[in-house]
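Hi,

Here is the model I promised to pass on.

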Amino acid sequence: MSSYFLDSNTIIYLSKELIEIETIFSDDEEYAVSVITYMEVLGYDFDSNEEREFIEELLSSLTIIYIDEAISNKVIELKKVVKIKLPDAIICATTILYNSVLITNDIRLKNIQELKLNLIGI
């Protein structure tokens with residue numbers, strides 16, 4: 001069984017039906033989000049109530065991972081090596097420490113060698 005983290009852009013693309021849910025989710029996999037993704041997505045200005053309801057339902061089905069000391073230390077390590085914004089560093093550090101794959105559209109994250117990515121295109 002594999003483990004995946006969803007980036008904020010992936011969730012927003014799903015809510016806007018820019019990507020099909022079947023291309024992201026499989027029954028035999030585990031899915032999670034960083035608390036940063038959770039906050040970013042719920043703070044997004046949605047086009048409709050239906051879109052917001054979709055996001056809320058999707059997030060309720062995912063494991064939310066909160067920032068702890070290990071994640072904080074990994075963020076500091078990443079920021080020293082790669083020029084990256086703090087929210088992205090937290091999401092990447094969390095994914096790395098959970099030995100997971102990050103599903104994202106952000107090709108800039110390819111610079112982080114130890115990060116496993118599943119890049120999606122829209």
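First, the ground rules. This is a predicted model, with local features needing pLDDT of at least 70 and side-chain atom pairs counting only at pLDDT 80 or more, while totals for chains, interfaces and linings use all residues. Residues are numbered from 1 along each chain as its sequence is written, and side-chain values use heavy atoms, with hydrogens and water left out.

**The sheet**

Five strands form an open sheet in the order β3-β2-β1-β4-β5, and the pairing is parallel. Strands here are DSSP runs of E with at least two residues, helices are runs of H or I with at least four, and both are numbered from the N terminus. Two strands count as paired if DSSP finds at least two bridges between them. The edges belong to β3 (63-65) and β5 (116-119); each has a single partner strand, so one side of each lacks a neighbour in the sheet. From one strand to the next, the twist averages 35°.

Going through the pairs, β1 and β2 run parallel and are joined by three bridges, with F5 opposite A32 in β2. A32 also stands opposite T63 in β3, and β2 and β3 likewise pair in the parallel sense over three bridges.

Contact means heavy atoms within 4.5 Å. The angles come from axes fitted as lines to C-alpha atoms (for helices, over the stretch in contact) and run from 0 to 180 degrees between N-to-C directions.

β2 is largely enclosed by the rest of the structure, because four of its five residues are buried. Buried is under 20% relative accessible area, exposed is over 50%, and partly exposed is in between (1.4 Å probe, protein chains only). Together, β1, α1 and β2 make a right-handed β-α-β unit: with the strands pointing away from the viewer, the path from the first strand over the helix to the second runs clockwise.

**Single residues**

E51 sits in helix α3 (residues 49-60) and counts as buried, at 7% relative accessibility. Its side chain reaches the backbone nitrogen of D47 at 3.2 Å. Leaving aside neighbours within four places in sequence, E51 is in contact with S15, K16, Y44 and F46.

I67 is in the loop between β3 and α4 (69-81) and is partly exposed, with a relative accessible area of 41%. Beyond its neighbours within four places in sequence, I67 contacts V35, I36, S72 and I90. I67 and S34 are 33 residues apart in sequence, yet 7.9 Å apart in space, C-alpha to C-alpha.

Where do the positive phi angles turn up? E17 has one of about 60° although it is not a glycine; E17 lies in the loop between α1 (8-15) and β2 and is exposed, at 67% relative accessibility. N99 has one of about 50°, and it is not a glycine either; N99 lies in the loop between α5 (86-97) and β4 and is exposed at 54%.

Cheers

Terms used. A polar contact is a pair of N or O atoms within 3.5 Å; within protein, one must be able to donate a hydrogen and the other to accept it, and residues adjacent in sequence count only if both atoms are side-chain atoms.
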